2 protein chains.
Amino acid sequence: MKKLKRSARLVEMTQYLLTRPHTLISLTAFADRYGSAKSSISEDLAIIKEVFEEEGIGELHTLAGAAGGVKFKPVMPKHTALAIMHDICARLEQPDRVLPGGYLYMTDMLGQPDLLADVGKLFATAFRDRQIDVIMTVETKGIPLAYATAACLNIPVVIVRRDNKVTEGSAVSINYVSGSTKRIQTMSLARRALKERSNVLIIDDFMKAGGTIQGMIDLLYEFNATVAGVGVFVESGDVEREERLLEDYISLAKLTAVDMKTKQMNIVPGNYFNS
Amino acid sequence: MKKLKRSARLVEMTQYLLTRPHTLISLTAFADRYGSAKSSISEDLAIIKEVFEEEGIGELHTLAGAAGGVKFKPVMPKHTALAIMHDICARLEQPDRVLPGGYLYMTDMLGQPDLLADVGKLFATAFRDRQIDVIMTVETKGIPLAYATAACLNIPVVIVRRDNKVTEGSAVSINYVSGSTKRIQTMSLARRALKERSNVLIIDDFMKAGGTIQGMIDLLYEFNATVAGVGVFVESGDVEREERLLEDYISLAKLTAVDMKTKQMNIVPGNYFNS
């Protein structure tokens, strides 16, 4: 790369950091990249750090020492997150979203790239300091949320299939009981998809009693993997306490009431905002 | 937002543009956001434009006039794209990726956020000047590619289901014949998922004869929608010319030969790089 002026270097460094979240970049790498002294790079990083933190873009962590460098973590401030979730909840409450059975139609919203970027950044903020190797979700509607989160945390995604027709070599299948409907279902994951002893963040779009997520946790045990966290976009509050299979999770929104006659719903920010 | 110095403003504007691709932002909006004169904003944009274009980040288009402003389009230069695809092809050629039936195991690679960001930017480059309202894909493996492309083009995604158990109100289902296996299969899309007369970009992970993609095109006709383009990650060259159902598509890689005995494959950059 040709030598850049400070103004141009700030632009380039900003895009370099933004496109490499949760990645340690040494000052030497930056100094070599721009043909600049490390002292100049440090000054640039100080400017970028201040803007990133003041404007709610994220944190810039500087690690000192020979193995040191700088790491960008996308972080959404809680007041920004709450404003965004209030807006999302209002959109989710539209009466034509009530489906037979009290389900919530949100497929269209999960197709919007700007909403996904926000929600991904929100999950990445909530789980930013956990040790996570991989994100797991189950097809189909959790997939975009998992990828949006993975992009911010810079870790891969594995997708659990709802059948056992996996064409990817040997697979582990388990049966699980959907907590709310009490039906027995199957999910499976290819053996080669997940390394043993991985730390896994589970992301899903909707949770009622938690049967599907409990199924994913049971599947993880088969791989000697560990649950590093559970994040759901919307949880249903319409579950008796003793029916709830899961206690330790983060929800971004909570569906507290559905009136099937009037198609009125009440959706509020989830438990993430209580802490 | 408090008034920023030029250096800080360059950092903030860079992140603002990068997170809003294919979105027209008026100079007035920038001037208001930073409490700066439009002339200063124009100077900043000139610096950003030069870095974005020199470093292969993308194009910054300036539209003059009252409705004018600036629009960032992510663009990957062809030589960068070719280097990335050569690397991807080499990874795809690993012998343990040959599955029974001559299929190619690439689920792990489609879980990597950095690879997806590259491939999404590549598709977004190839289709950047077409009029596109929405990206369509079919579950499951095309989904991450569709979202990665959608993030760069800033348009929504709709996902066609492989069954007709859509719980999203009335749906349109069609039967299609998988070109290579000659089996009849079903795919469906909820009525509310796609507006009539949309311009649709189809993205998928793998194409052999093109039966699945032809199925999606047939489904589009049911919505009076138009195909704005077809992009596939890997096409199989192992198809007779008269078996190929589709002529007009862009492929990023081409699987030209599989030897099932030695598990040797040959994968080369696709037709995108011939033009």
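**Strand pairing, domain contacts and the chain interface**

In this predicted model, strand S1 (residues 58-63) of chain A pairs with strand S2 (residues 69-74) of chain A in the antiparallel sense, over 6 bridges. Strands pair if DSSP finds at least two bridges between them. Strands (E, at least two residues) and helices (H or I, at least four) are DSSP runs, numbered from the N terminus. His61(A) stands opposite Lys71(A) in S2(A). The hairpin of S1(A) and S2(A) has 5 residues between the strands, and Gly65(A) takes a positive phi near 100° there.

Residues are numbered from 1 along each chain as its sequence is written, and chains are lettered from A and ligands numbered from 1 in the order in which they are written. Local features need pLDDT of at least 70, side-chain atom pairs count only at pLDDT 80 or more, totals for chains, interfaces and linings use all residues, and side-chain values use heavy atoms, with hydrogens and water left out.

Chain A is divided into domain 1 (6-74) and domain 2 (78-273). These bounds come from an automatic or database domain assignment. The centres of the two domains, taken over C-alpha atoms, are separated by 33 Å. In contact (heavy atoms within 4.5 Å) are 8 residues of domain 1 and 8 residues of domain 2. Between them the domains bury about 670 Å², with 43% of it on carbon and sulfur atoms. Buried area is the accessible area (1.4 Å probe) that two parts lose on being put together, summed over both. Pro21(A), His22(A) and Pro74(A) supply 62% of the area that domain 1 buries against domain 2, more than any other three residues.

The domain interface holds 2 salt bridges, each a side-chain nitrogen of Lys or Arg within 4 Å of a carboxyl oxygen of Asp or Glu. The side chains of Asp129(A) and Lys73(A) meet in a salt bridge (2.9 Å, N to O).

What area do chain B and chain A bury between them? The value is about 3600 Å², 64% of it on carbon and sulfur atoms. Elements that give two or more residues to the chain B side are helices H1 (6-18), H3 (38-54), H5 (113-126) and H6 (143-153) and strand S6 (157-160) of chain B. H1(B) gives the largest share, 8 residues. In contact are 48 residues of chain B and 48 residues of chain A. Across this interface the rule finds 0 salt bridges.
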